[in-house]
Amino acid sequence: MQKKIKELKFSTKYFFFELFAQVRSFVVFLKNIIRTKIQMYHTVIIDDDQLARRGLRRILEQNFPEIKILGEADSVASGIKLIDEVDPDLVFLDIEMPDGTGFRLLEQLSEVDFKVVFTTSYSDYAITAFKYSAFDYIVKPVLIENVRSTIKRINEIPVLHEKQRVEVLKTNLKPGNDDDATIALPEINGFTIVKVKDIVRCEGERNYSRIFFVDGKSVLISRTLLEFDNMLVSHGFFRIHRSHLISLRNVNRYLKTDGGVVEMIDKIHLPVSPKFKEELLNRLLYNRI
């Protein structure tokens, strides 16, 4: 009897040992599958601040296995040389460096076939300029939370028309340029770059926004209306409804019918939510555009 109990205990122990081994093998198998499916990004860091480079490298190496750092550079000239040598997929690029700007670096390259994330000390109005140009950015001092949010979006960072978007960014980094302000609107095959003053209104469609222009054309963009609200509010745009953001300079008239309606220059009538009516009237009546 005791012998049978011992045999039973041994077989049970062996069973669980085998089960554990198989589970462990399966977990390793899954990890290998996941690892092969992770998009690896050969990456370089270009920044004249050694501490900033070291901090960003540490964050990337310790937290993001999909990022493989191939090298660092501390100037425009050495950055161009490094890019030519290693052909990266992703570049973290400082804006201000001793021998020029990150913009100058991109302009001097014959081809820009990598994704760009700017690292910058700019803040406030400049952040809107980055959004206008559809470039991703990390504000210094670099924090892991900001890097993590950028890495999450990394597959969405476009490569097309980099030099055009640099011009958009440079233009919009100059304050007080409403007439010249431009915005890069991402589309399936690239970007449409338009003047902000040519936008009549934006209409929210769930996670998308349809942008209407003075020439009667429109385009559907994969950005929420809230994002456009944040970007365009300083250029005379006003949210009149949860689904409508309008350019006040392109309002034709205000009608009291149906609780409040605005007619735009394209003759479209849009409802005004009660909570926005008073401020809208103040801005229209006193020319606060």
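This is a predicted model: local features need pLDDT of at least 70, side-chain atom pairs count only at pLDDT 80 or more; totals for chains, interfaces and linings use all residues.
Strand β3 (90–94) is mostly covered, in that five of its five residues are buried, where buried means under 20% relative accessible area, exposed over 50% and partly exposed in between, with a 1.4 Å probe and protein chains only. Residues are numbered from 1 along each chain as its sequence is written, and side-chain values use heavy atoms, with hydrogens and water left out.

Let me stay with β3. Leu90, Phe92 and Asp94 point one way from the strand, Val91 and Leu93 point the other way, and all are buried. In a regular strand, side chains alternate between the two faces of the sheet. The strands here, like the helices, are DSSP runs numbered from the N terminus, E of at least two residues for strands and H or I of at least four for helices.

Which strands pair with β3? Strand β1, residues 41–46, runs parallel to β3 and is joined to it by four bridges, and Ile46 stands opposite Leu93. Strand β6, residues 115–120, also pairs with β3 in the parallel sense, over five bridges, with Val116 as the bridge partner of Val91; two strands count as paired if DSSP finds at least two bridges between them.

Asp87 belongs to a negative surface patch together with Asp84, Glu85, Asp89, Glu111 and Asp113. Patch residues have over 30% relative accessible area and no salt bridge, and like charges are joined within 9 Å, whereas nonpolar side chains (Val, Leu, Ile, Met, Phe, Trp, Tyr) are joined within 5 Å. A salt bridge, in turn, is a side-chain nitrogen of Lys or Arg within 4 Å of a carboxyl oxygen of Asp or Glu.

Lys140 lies in the loop between β7 (136–139) and α6 (144–152) and counts as buried at 19% relative accessibility. The peptide bond joining Lys140 and Pro141 is cis, with omega about -5 degrees.

Finally, Asp258 has a positive phi of about 55 degrees although it is not a glycine; this residue sits in the loop between β15 (251–255) and β16 (261–264), and is exposed at 77% relative accessible area.

Terms used
Accessible areas come from the Shrake-Rupley method with a 1.4 Å probe; for residues, only the protein chains shown count as cover. Lys and Arg count as positive and Asp and Glu as negative; His and the chain ends are not counted. The place of a charge is taken as NZ of Lys, CZ of Arg, CG of Asp or CD of Glu.
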